[in-house]
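Okay, thanks for coming, everyone. Let me put the model up, and then I'll walk through a few places in it.

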Amino acid sequence: MATLELRNVNKTYGSGLPDTLKNIEIAIDSGEFLILVGPSGCGKSTLMNCIAGLEDISGGAILVEGQDISGMSPKDRDIAMVFQSYALYPTMTVRDNIAFGLKIRKMAPADIDTEVARVAKLLQIEHLLARKPGQLSGGQQQRVAMGRALARRPKIYLFDEPLSNLDAKLRVEMRTEIKLMHQRLKTTTVYVTHDQIEAMTLGDKVAVMKDGIIQQFGTPQQIYNDPANLFVASFIGSPPMNFIPLRLQRRDGQLWALLDSGQARCELPLGAMEEGLESREVILGIRPEQIGIAQGGDGSLPSIRAEVQVTEPTGPDTLVFVELNQTKVCCRLAPDAAPQVGASLELQFEPSKVLLFDAQSGERLGLLGAARPQERAAKVAQLKGR
Amino acid sequence: MTSRSPLSLSRLAIYATLLAACAVYLIPLVVMLLTSFKSPDDIRTGNLLSWPDVITAIGWLKAWDSVGGFFWNSVKITVPAVLISTLLGALNGYVLAMWRFRGSQLFFGLLLFGCFLPFQVVLLPASFTLGQLGLANTTSGLVLVHVVYGLAFTTLFFRNYYVSVPDALVRAARLDGAGFFTIFGRILLPMSIPIIMVCLIWQFTQIWNDFLFGVVFASGDTQPITVALNNLVNTSTGVKEYNVDMAAAMIAGLPTLVVYILAGKYFLRGLTAGAVKG
Amino acid sequence: MSSIAVFTKASKLDALQRWLPKLVLAPSMLIVLVGFYGYILWTFLLSFTGSRFMPSYNWVGLQQYARLWDNDRWWVASKNLMLFGGLFISISLVLGVLLAVLLDQRIRREGFIRTIFLYPMALSMIVTGTAWKWLLNPGLGIDKMLRDWGWEGFRFDWLVDPERVVYCLVIAAVWQASGFVMALFLAGLRGVDQSIIRAAQVDGASLPAIYLRIVLPSLGPVFFSALMILAHIAIKSFDLVASMTAGGPGYASDLPAMFMYAHTFTRGQMGLGAASAMLMLGAVLAILVPYLYSELRGKRHD
């Protein structure tokens with residue numbers, strides 16, 4: 001196990017071309033599970049290849065246990081990787097696939113047998129050892145690919161979208177299994193995915209990437225609750241966060257967001273934010289689960305009446321779509337509370353959970369500087385108490 | 001036949017046409033075989049498809065006498081040339097598909113043109129070069145020429161095959177600690193059996209059947225069988241012995257025919273792979 | 001900065017590993033540059049010289065090309081190529097397509113029949129030429145056979161008829177290559193989406209109409225490939241002429257490839273031969289360039 005640190009890593013495929021990776025700064029502790037997540041083409045796979053040594057970096061340093069490995073060839077880095085396509089050697093049996101790296105490293109045959117047996121037991125693939133990859137199912141190939149990585153007991157494991165070739169059910173199963181495996185083995189892991197659910201469920205730390213730039217690096221909770229910008233907010237979460245364009249108004253020393261459903265209007269108190277915001281186009285972001293149905297008599301939270309346009313029951317909850325400020329807004333409601341299409345609903349918002357973004361730059365707009373949502377909630381409560 | 005009765009007439013016509021076509025395609029071979037076993041008298045008195053009064057192998061014996069030595073020349077030329085050009089093609093294809101570098105694509109484009117090169121434009125310089133190397137009129141010289149001008153196709157075969165192999169395989173092997181040749185020998189070659197077959201058969205038929213290089217770069221004792229056959233058939237001296245001509249033609253054609261019958265699948269794949277160039 | 005780190009940290013073996021792909025490709029690159037392009041250039045230079053039996057580098061400008069222009073035999077060879085190529089290509093295409101379509105009708109023993117159509121492609125052109133020279137032999141070949149079978153007035157002496165000898169080449173070449181065209185198209189037909197055919201059947205189209213209007217037009221790329229390869233065979237064909245007619249009678253069945261060989265290697269007209277070779281290259285390029293252009297453009301569309 002080892003720490004991994006990326007210091008100002010840059011990668012370009014030639015002058016004149018746009019940077020593939022730009023000033024990447026990431027550090028994780030030994031045993032941590034790092035997720036690199038982003039849309040395709042964001043540079044996450046390139047970054048992983050750079051860590052593995054399959055591609056050279058153009059600048060910066062990659063440190064494992066404090067030692068710079070950026071000039072080393074892949075075989076000397078002691079890093080193992082699980083590929084999206086599994087990349088199992090098709091002409092070798094499962095046993096030889098797992099043993100290949102050990103043979104190349106001239107491990108004694110007896111030790112190889114022991115190690116293969118250990119890994120096979122760990123992954124429950126003992127009965128498959130004599131088969132060729134072509135005779136395995138997708139899930140079994142996935143296990144063998146992980147076994148090949150585990151056999152070398154490397155310092156760092158890299159996973160390159162390992163679940164994206166599996167069907168939906170198997171994907172969920174393997175996700176849990178990878179998490180279990182990591183909890184047992186406590187291996188330092190870098191995991192690339194474009195699936196935000198995998199990012200949320202597996203990671204100790206998540207780096208959200210776009211256009212070769214890290215948009216935000218933090219724990220899954222930080223990324224989810226406190227996204228740094230519009231991109232992160234929109235990328236993480238399913239169904240995605242609602243974005244409502246509007247103008248802010250300043251009154252009574254605080255800012256108000258005006259919502260309009262066509263039937264009714266509502267003013268959302270946003271607290272005492274920095275000066276000048278009222279003149280700017282902003283985007284108000286709120287997650288579907290933070291919109292609820294107003295309970296009778298509880299007037300403490302702002303609410304608005306709106307017409308239900310579409311309902312999508314998903315089973316555990318029902319997604320209800322209404323229109324606010326000419327924008328479709330999704331609310332995640334309990335199935336028994338879900339109304340009929342055409343009905344009117346009294347929706348209430350938790351102002352403390354509302355996020356604001358600059359409409360032009362997409363940057364997060366802070367409430368009195370860089371206030372955390374909790375602090376902001378306290379501030380809102382304060383204001384209300386007055 | 002499962003087809004319904006109104007269709008059977010048209011299906012009958014289809015089968016009849018196909019059978020007639022088969023006959024047309026087979027007749028030259030039948031005539032060659034028949035003639036090769038006839039006596040000169042039978043040839044003069046009978047016709048192409050008439051059954052001989054006596055079946056004799058004298059034509060084959062005489063033919064072997066005159067072209068047998070050249071048959072072995074062809075073997076000596078074909079075997080090494082096929083093996084070397086296939087190996088080189090495999091290595092080139094491996095690099096071009098898995099280890100691309102700046103300029104490698106350009107090189108592939110330049111090489112590809114070699115598939116279309118009319119060899120007449122290189123004959124003269126090639127013969128000067130062989131002379132300089134002391135390889136003029138040797139089978140080694142012909143091996144060299146066939147390797148050089150077979151490279152375009154062999155590389156194309158392997159490159160196109162390896163392009164469809166996921167390069168994650170190479171990356172996985174590199175992380176496992178394998179080097180350039182280990183990856184090639186232990187991982188890619190074992191999965192290349194089909195394309196190796198295609199390439200071997202393609203090169204075998206191309207080189208065995210070659211006439212142009214043989215007639216230009218070899219003379220006398222070093223000529224391949226195609227040249228010897230042509231000399232035999234087109235001599236204007238002496239009495240024409242058509243049974244000997246046909247037997248010699250069969251001797252020249254048999255190796256590729258046998259390969260075709262045994263491995264027709266790969267032969268066809270070579271032809272179509274050559275057709276879908278790039 | 002990082003590149004310095006790379007150099008100091010990488011061992012010598014690693015550096016070798018980095019260079020191996022280039023090292024492995026280097027001999028072939030040399031071969032291609034010298035043996036393909038260098039030699040073409042060399043031939044190009046020779047075509048401007050008055051070389052005869054041996055290469056000499058006395059510059060004569062375009063004189064060799066002018067001699068070709070005035071050379072009756074070259075014109076015969078070129079016209080023959082047009083005639084031979086045109087007939088060979090079109091007949092092979094028509095026959096090949098026809099056989100492929102017939103074979104596509106769920107024929108029993110299809111593999112066996114296919115093998116018969118394709119086997120001539122495995123033979124050397126010299127063998128093909130020898131066989132057909134015998135078959136077309138005036139007096140002993142098909143000529144005599146049909147008369148023996150009772151067709152008294154039958155005469156078939158095209159092989160020695162200067163006006164018709166080219167057709168003999170066409171017959172032999174078609175026999176050799178049409179099976180290949182069949183194989184190409186059959187592979188193409190097998191790749192056609194069966195649901196399109198079913199949709200057309202539902203629309204009430206007859207089988208011939210389906211093939212003519214829907215299936216064959218979708219095989220444009222196959223058609224183009226076949227055309228390219230046949231044209232290429234036609235331009236390069238030398239063996240067939242050498243073995244069947246040796247260019248005769250006289251030079252009535254000469255083709256440019258034969259012309260080039262005869263002048264360069266037997267008649268001591270190296271300069272003239274080089275010039276004719278360059279013109280052959282030009283002919284190949286004239287076909288190749290539009291083909292490659294459309295291929296590349298097609299790829300970009302994908």
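Domain bounds here come from an automatic or database domain assignment. On that basis chain A splits into domain 1 (4–235) and domain 2 (242–385). Before I go on, this is a predicted model: local features need pLDDT of at least 70, side-chain atom pairs count only at pLDDT 80 or more, and totals for chains, interfaces and linings use all residues. Residues are numbered from 1 along each chain as its sequence is written, with chains lettered from A and ligands numbered from 1 in the order in which they are written.

So, back to those two domains. The centres of domain 1 and domain 2 of chain A, taken over C-alpha atoms, are 38 Å apart. As for contacts, meaning C-beta atoms, placed from the backbone, within 7 Å, 8 residues of domain 1 of chain A touch 9 residues of domain 2 of chain A. On the domain 1 side, helix H8 (residues 230–235) of chain A gives the largest share, 3 residues. Helices (H or I, at least four residues) and strands (E, at least two) are DSSP runs, by the way, numbered from the N terminus.

Now look at strand E7 (residues 156–160) of chain A. Buried is 20 or more other C-beta atoms within 10 Å of a residue's own, with C-beta atoms placed from the backbone. In a regular strand the side chains alternate between the two faces of the sheet. Here both faces are covered, with A:Ile156, A:Leu158 and A:Asp160 buried on one side and A:Tyr157 and A:Phe159 on the other.

And the neighbours? Strands pair if DSSP finds at least two bridges between them. E7(A) pairs in the parallel sense with strand E6 (residues 79–82) of chain A over 4 bridges, and A:Ala80 stands opposite A:Tyr157. E7(A) also pairs, again parallel, with strand E8 (residues 188–193) of chain A over 5 bridges; there, A:Thr188 is the bridge partner of A:Ile156.

Last stop, chain C. C:Ser92 sits in helix H4 (residues 72–103) of chain C, and C:Ser92 is buried, with 27 other C-beta atoms within 10 Å. Which residues does C:Ser92 contact, leaving aside its neighbours within four places in sequence? Those are C:Val174, C:Ala177, C:Ser178, C:Val181 and C:Leu230.

Notes:
Buried ≥ 20, exposed ≤ 12 C-beta atoms within 10 Å, placed from the backbone. Contact = placed C-beta atoms within 7 Å.
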